[in-house]
Amino acid sequence: MKFASFYQEYLNQLAAFKLALETISYEQYTIAPEKGIPYSNKILGILSKNQFEYENNKEIITKLESYVSSLSGLEKKEVSLRLKKLLDQQSLPSSTYSEYVDLINDSMMIWHKAKSENNYDLFKPYLKQVIEKKKEVLSYSKRYNGSNLYDLCLDEYEPGMNQEKYDLFFDRIKTKLLPIIPKQAKGTHLFDKNIDITRQQQFMNILCDFLKIDFSEIRMDTTEHPFTSSFSNHDTRITTHFYEDNVMSAIFSTIHEYGHALYGLQIDDEFMDTMFYEPYCAAHESQSRLMENHIGRSTSFWKALYPKFIEVFDEFKDVSFDEFMDAICTSECSFIRTEADELTYPIHILIRYEIEKKLLNGTVDYDHLNELWNDKYEQYLGIRPENDSQGILQDIHWSSGDFGYFPSYALGSAYAAQLYHAMSKEINVDEALENGHIEVIKDWLKMNVHHYGASKSMEEIVEEVCHEPFNPDYYIDYLIDKYVSKRS
Ligand SMILES: [Zn+2]
């Protein structure tokens, strides 16, 4: 792509801010000594403020408004996307913005405390204030029409999505999936064994070899919560967490994070520093879940790796391959979203979606919101949380004002299922995995999905690759086949 020099310079500056901020924050999570954090936080604050002011200066917006009309093709798309973002922020008074930032800082702190003390009443007034402030912030958007607050939230995490589209999606989940969730099913206890971290790391090396992770552009560290950070399309960081009492946790979280990492690494060079280098949430989650669930929880993946798994973890040597596969593809209704299996996961999201609609549309009774949460778990999954920490207080998202984020997780899973279906018609996925040729899958993903970055929406990519529009039935049928039909 070729831009006027003023815009290229603007992109370069923003890229410099981004890399500096990303590096400092990655170090804080991984290697920075604890006592150094307050100082680097101060620097992060200064840099973020400079970045915001540089990004949103009025002069650049005026220039871009006339520049965009002289463009065509991908350049026009890039600048239009940039303007959409800048114009949404333009009318927001800086005093409202800093009030919002301060409130979020307080609210997140109180949420941590409320969660650890199991006390919804402590968090309740903050949740109320965050919602009110969020509504005020959104009302400054150029696209606010008096009644589309939640649509604006949803669009933030997956552009083009709104309540109308998500209603159709979740109706499908509700009518087809909800009735067949086996509420009585009991999960597995096969992995309830203590396994030392040294051997877990040994197997991690085998897994990385199998995934053909290229360590000349990926670095791995350990953190409390696993995540991926893309510095550039030739430098991506993945973190993992080893649990002594759950050997599969680090394995699946690494496969998941590698799905995110690979996406970032396979985006075209020419998109670096543009809006296209940053795919949105559902798009990203579709790639991590495709890798974790469709590839990492498949029979052919483990046909190749299981012999090595029992060699390293000899406590499983008497477990048959079928028992092992049953154990990694098992379902049980549980309280915590991040630990949920593939089958019940979208129901956790459905519950949050239904409550978020009420929150943003102003029809919620804050005093009994925790009860509403518990009622929905009881109604949909047949289990009732015993306290608010395993209920409404479990996720950080609402305390940080991230309304509309949850639905993109379920949508990403559904994109993954449809893309995987198309992939398996074009290449022999099982043969590639059984023979240790994962590059066949990575190349397909690069050619058909990754290299576009966000220059196309995931909805467009799905339609192009699958030769039909997005259809959630691929996801629902896949879940029923893997978790209900085969297990009954
Ligand atoms: Zn993810």
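**Stop 1**

Select Glu459, which is partly exposed at 29% relative accessibility (buried is under 20% relative accessible area, exposed over 50%, partly exposed in between; 1.4 Å probe, protein chains only). Helices here are DSSP runs of H or I with at least four residues, strands are runs of E with at least two, and both are numbered from the N terminus.

Before going on, note that this is a predicted model, in which local features need pLDDT of at least 70 and side-chain atom pairs count only at pLDDT 80 or more, while totals for chains, interfaces and linings use all residues. Residues are numbered from 1 along each chain as its sequence is written, and side-chain values use heavy atoms, leaving out hydrogens and water.

**Stop 1**

Next, select Lys84 and Asp155, whose side chains meet in a salt bridge at 3.2 Å, N to O. Lys84 lies in helix α4 (residues 73-90) and Asp155 in helix α7 (residues 149-157), so the pair links distant parts of the chain, 71 residues apart. Lys84 is partly exposed at 29%, whereas Asp155 is buried at 12%.

**Stop 2: a pair within one helix**

Move to Lys49 and Glu53, with a salt bridge of 3.5 Å, N to O. They are four residues apart in helix α2 (residues 37-55), and therefore about one helical turn separates them. Lys49 is exposed at 53%, and Glu53 is partly exposed at 45%. Across the whole structure, a search finds 38 salt bridges.

**Stop 3: the nonpolar cores**

Select Met248, Ile295, Phe301, Trp302, Phe309, Phe324 and Leu359: these have the most contacts inside the largest nonpolar core, which has 129 residues. Such a core is a set of buried Ala, Val, Leu, Ile, Met, Phe, Trp, Tyr and Cys residues joined through side-chain atoms within 4.5 Å. Helix α16 (residues 406-426) supplies the largest share of this core, 12 residues.

Finally, a second, separate core has 15 residues, including Phe3, Tyr10, Leu14 and Val68.

Technical notes:
A salt bridge is a side-chain nitrogen of Lys or Arg within 4 Å of a carboxyl oxygen of Asp or Glu.
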